[in-house]
Amino acid sequence: MAGNRDRFSTFSTATRLKQLGERTAAHVYRSQSRRQVRRSRLTGRAALLVLVLCTLVVALAYPMRQYVSQRSEIEAQQRAAAAARDRLERLRDEKARWQDDAYAEQQARKHLHFLRPGEVGYIMSDPGARPPEPHRTGQAGSDRPWYSNVWDGVDKADRPGD
């Protein structure tokens, strides 16, 4: 009987383990099938989401590029307008200075070498400067008719070595 009991208890433990293994396998199989169903649904949703996002990116790419390029053009125009305002302000200042008779006289004296009556002006030449070359013509320009001077100028332009 003891052998029978051992056999029965062994059999019953083996049977229990077998049943437990079958239940566990069924449970694992059900959970795997659920995961597969969930994955396929999630994958479909993800694909739809990616499709919608790609559509939005494609639809908004050109307007965004236009927006960025227009913003850079606007910034360039604003910089040009600021530069023009600065130049206008400098020109207004210069115009106001030229309205002053003392400034106009100073500039005439400086650039045009004007003098007041009774003043003596001196012009210093630069010792390092080359003297101008004399004009080489056979006759003086005023002794000949004007068309001869013009024709001589054309002839000189045609000669490369002169």
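Me: Is Gln-107 buried or exposed?
Reply: Gln-107 is buried, because its relative accessible area is 13%. Buried means under 20% relative accessible area, exposed means over 50%, and partly exposed lies in between, with a 1.4 Å probe and protein chains only.

Me: What kind of model is this?
Reply: This is a predicted model, in which local features need pLDDT of at least 70 and side-chain atom pairs count only at pLDDT 80 or more, while totals for chains, interfaces and linings use all residues. Residues are numbered from 1 along each chain as its sequence is written, and side-chain values use heavy atoms, with hydrogens and water left out.

Me: Where does Gln-107 lie, and what is it in contact with?
Reply: Gln-107 lies in helix α2. Leaving aside neighbours within four places in sequence, Gln-107 is in contact (heavy atoms within 4.5 Å) with Trp-98 and Leu-112.

Me: How many aromatic pairs are there in the whole structure?
Reply: A search of the whole structure finds 2 aromatic pairs. Trp-98 and Tyr-103 form an edge-to-face pair, 5.2 Å centre to centre with 80° between the planes. Trp-146 and Tyr-147 form an edge-to-face pair as well, at 5.9 Å centre to centre and 80° between the planes. Rings of Phe, Tyr and Trp (its six-membered ring) pair if their centres lie within 6.5 Å; planes under 30 degrees apart count as stacked, over 60 as edge-to-face and the rest as tilted.

Me: And how exposed is Trp-98?
Reply: Trp-98 counts as partly exposed, because its relative accessibility is 41%. Trp-146 and Tyr-147 are both exposed.

Me: Changing topic, how many helices and strands does the chain have?
Reply: The protein chain has 3 helices and 0 strands, and along the sequence the pattern reads α-α-α. Helices (H or I, at least four residues) and strands (E, at least two) are DSSP runs, numbered from the N terminus.

Me: What comes just after α2?
Reply: Just after α2, His-113 takes a positive phi of about 60°, although His-113 is not a glycine. Most residues other than glycine have a negative phi. His-113 is found in the loop between α2 and α3, and counts as exposed because its relative accessible area is 52%.

Me: What about Arg-144, buried or exposed?
Reply: Arg-144 is buried, with a relative accessible area of 18%. Arg-144 is found in the loop between α2 (101–112) and α3 (146–158). A polar atom of the Arg-144 side chain lies 3.3 Å from the backbone oxygen of Ser-148.

Me: Where is confidence lowest, and where is it highest?
Reply: Confidence is lowest in helix α1 (residues 2–99), at a mean of 82, and highest in α2, at 90. The protein chain averages a pLDDT (the predictor's confidence in each residue, from 0 to 100) of 81, and 78% of the residues score at least 70.

Technical notes: A polar contact is a pair of N or O atoms within 3.5 Å; within protein, one must be able to donate a hydrogen and the other to accept it, and residues adjacent in sequence count only if both atoms are side-chain atoms.
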